Amino acid sequence: MFELQQKEEITDSLWFKDKSDHLKVSFINVQSLKSHFSNVTSDFTIMQSDLIFCLETWLEKEESEAYQIDGYKHKAIKNGRGKGVSLFHKVECDVFFKGVN
């Protein structure tokens, strides 16, 4: 009973409300997007995000196109082992990464 009550309280939070005046952002250190992509895409809470930043993706430049989430656009930078940032965004916005070589 307690577990059910907790779940109802969680899904009743603002995070799960579809409001245009809120921007929901998730940051996740995935330590290899190849290994953990299904964990990201299957997580109900993460998939409520407007912006999903995945850190330490370890993707090579040519691999980033293989990782797409329906309804999101994908931008990847700083590729390579032990590096990498991917941004998945479903809100229309221009994406600029400042100070990145």
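Accessible areas here come from the Shrake-Rupley method with a 1.4 Å probe, and for residues only the protein chains shown count as cover. With that in hand I looked up the surface first: the protein chain exposes about 7200 Å², and carbon and sulfur atoms supply 50% of this area.

I note for myself that this is a predicted model, in which local features need pLDDT of at least 70 and side-chain atom pairs count only at pLDDT 80 or more, while totals for chains, interfaces and linings use all residues. Residues are numbered from 1 along each chain as its sequence is written, and side-chain values use heavy atoms, with hydrogens and water left out.

**Layout.** I found two helices and four strands in the protein chain, and along the sequence they follow the pattern α-β-α-β-β-β; helices (H or I, at least four residues) and strands (E, at least two) are DSSP runs, numbered from the N terminus.

**Sheet.** I then traced an open sheet of four strands in the order β1-β2-β4-β3, with mixed pairing, where two strands pair if DSSP finds at least two bridges between them. The edge strands, each pairing on one side only, are β1 (25–29) and β3 (73–77). For β2 (residues 51–55) and β4 (residues 85–89) I noted antiparallel pairing over five bridges, and within this sheet L55 stands opposite V85 in β4.

**Burial and cores.** Of the 101 residues of the protein chain, 34% count as buried, meaning under 20% relative accessible area, with exposed over 50% and partly exposed in between (1.4 Å probe, protein chains only). I next looked for nonpolar cores, each a set of buried Ala, Val, Leu, Ile, Met, Phe, Trp, Tyr and Cys residues joined through side-chain atoms within 4.5 Å. The largest has 14 residues, of which L33, I52 and F88 touch the most other members. Both α2 (33–41) and β2 give two or more residues to this core, and α2 gives the most, with three residues. Apart from it lies another core, of five residues, among them L51, I77, V85 and L87.

**Contacts.** Taking contact as heavy atoms within 4.5 Å, I listed the partners of L33 and, leaving out residues up to four places away in sequence, found C54, T57, L59, Y67, S86 and F88.

**K24.** K24 counts as buried because its relative accessibility is 8%. Not counting residues up to four places away in sequence, K24 touches W15, K17, Q48, S49, D50 and L51.
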